[in-house]
Amino acid sequence: MTHTYNITGMTCGACQEKVKKALQSIDGVSDVSVDWRKGEAVLTMDKHIAVANLQEALKDYPNYRLSEKEENAPHFVEEEQRAWLQTYKPVLLIFAFITGITLLVQRPLSQFDPMLWMSHFMAGFFLAFSFFKLLNLRGFADSYSTYDIIAKRWRAWGFIYAFIELGLGIAYLAGIEPLAVSGITFLVMSVSLVGVLQSVLNKRKIRCACLGEVFNLPMSTVTIIEDALMILMSLFTLIHLLTN
């Protein structure tokens, strides 16, 4: 029997050979074909082998994640095992904390300042998300290169991107050059959204790198909403600054 699997984390021919060699070592696997550009592995096996056993063969390479393709498994594994709310609990909690804290900052003011609130919210977003990326910068860069249109061609962009988010967070918090910072945010997040949209629309079952390697979040419409929210906020800020 022959099955095709998705494998994330491969960035070059060397990765491809590592994965191929590891999978060939599994008892019952008679042939392996791996394509790092497509993020796929085609296995011919004498008997059915569980995905967990295939992943175990890649234990020496934790950045490589193997999962069933849609034709092999009708539903995404992570979403079968956990409810939607549980899956996205980390992201929802982060947004709840940022929203709550930034609203509390407004309390001493005589009236609610929407522009200041947005600035603080975006600062919290970028600081929190860059923090999780920096916990395992290499792991984030590997995951990001599987779908981002720039990181696919230039892996170093994944490393740079995490520090751009950190810089944007500091700039929003300190009120540094709001016009330029909003413009950079709009540009960077728009480019990032392209890769996310491609992955979701093509129904690629891959890991979202928004929280680095700390949480195993599937790429979905939630990821689109995250990026789109930052794009809309930065665009609104740009329009406000240019018209006032």
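Reply: A nonpolar core is a set of buried Ala, Val, Leu, Ile, Met, Phe, Trp, Tyr and Cys residues joined through side-chain atoms within 4.5 Å, where buried means under 20% relative accessible area, exposed over 50% and partly exposed in between, with a 1.4 Å probe and protein chains only. This is a predicted model, in which local features need pLDDT of at least 70 and side-chain atom pairs count only at pLDDT 80 or more, while totals for chains, interfaces and linings use all residues. Residues are numbered from 1 along each chain as its sequence is written, and side-chain values use heavy atoms, with hydrogens and water left out.

Me: Which residues of the largest nonpolar core touch the most other members? Which helix gives the most to this core?

Reply: The largest nonpolar core has 42 residues, and those touching the most other members are Phe 126, Phe 129, Tyr 144, Leu 211 and Met 230. Helices, here DSSP runs of H or I with at least four residues, are numbered from the N terminus, as are strands (E, at least two). Helix 5, helix 6 (114–135), helix 7, helix 8 (156–174), helix 9 (178–201) and helix 10 (221–243) each supply at least two residues of this core. The one that gives the most, with 11 residues, is helix 6.

Me: How many residues of helix 7 are buried?

Reply: Helix 7 spans residues 137–144 and is mostly covered. Its buried residues are Leu 137, Gly 139, Phe 140, Ala 141, Asp 142, Ser 143 and Tyr 144.

Me: Which residue stands opposite Met 45 in strand 3?

Reply: Two strands count as paired if DSSP finds at least two bridges between them; strand 3 runs antiparallel to strand 1 (residues 2–8) over 5 bridges and to strand 2 (residues 29–35) over 6 bridges. Strand 2 and strand 3 form a hairpin with 4 residues between them, and Gly 39 in the turn has a positive phi of about 70°. The residue opposite Met 45 is Val 29.

Me: Is Leu 93 buried or partly exposed?

Reply: Leu 93 lies in helix 5 (residues 89–105). Because its relative accessibility is 41%, Leu 93 counts as partly exposed.
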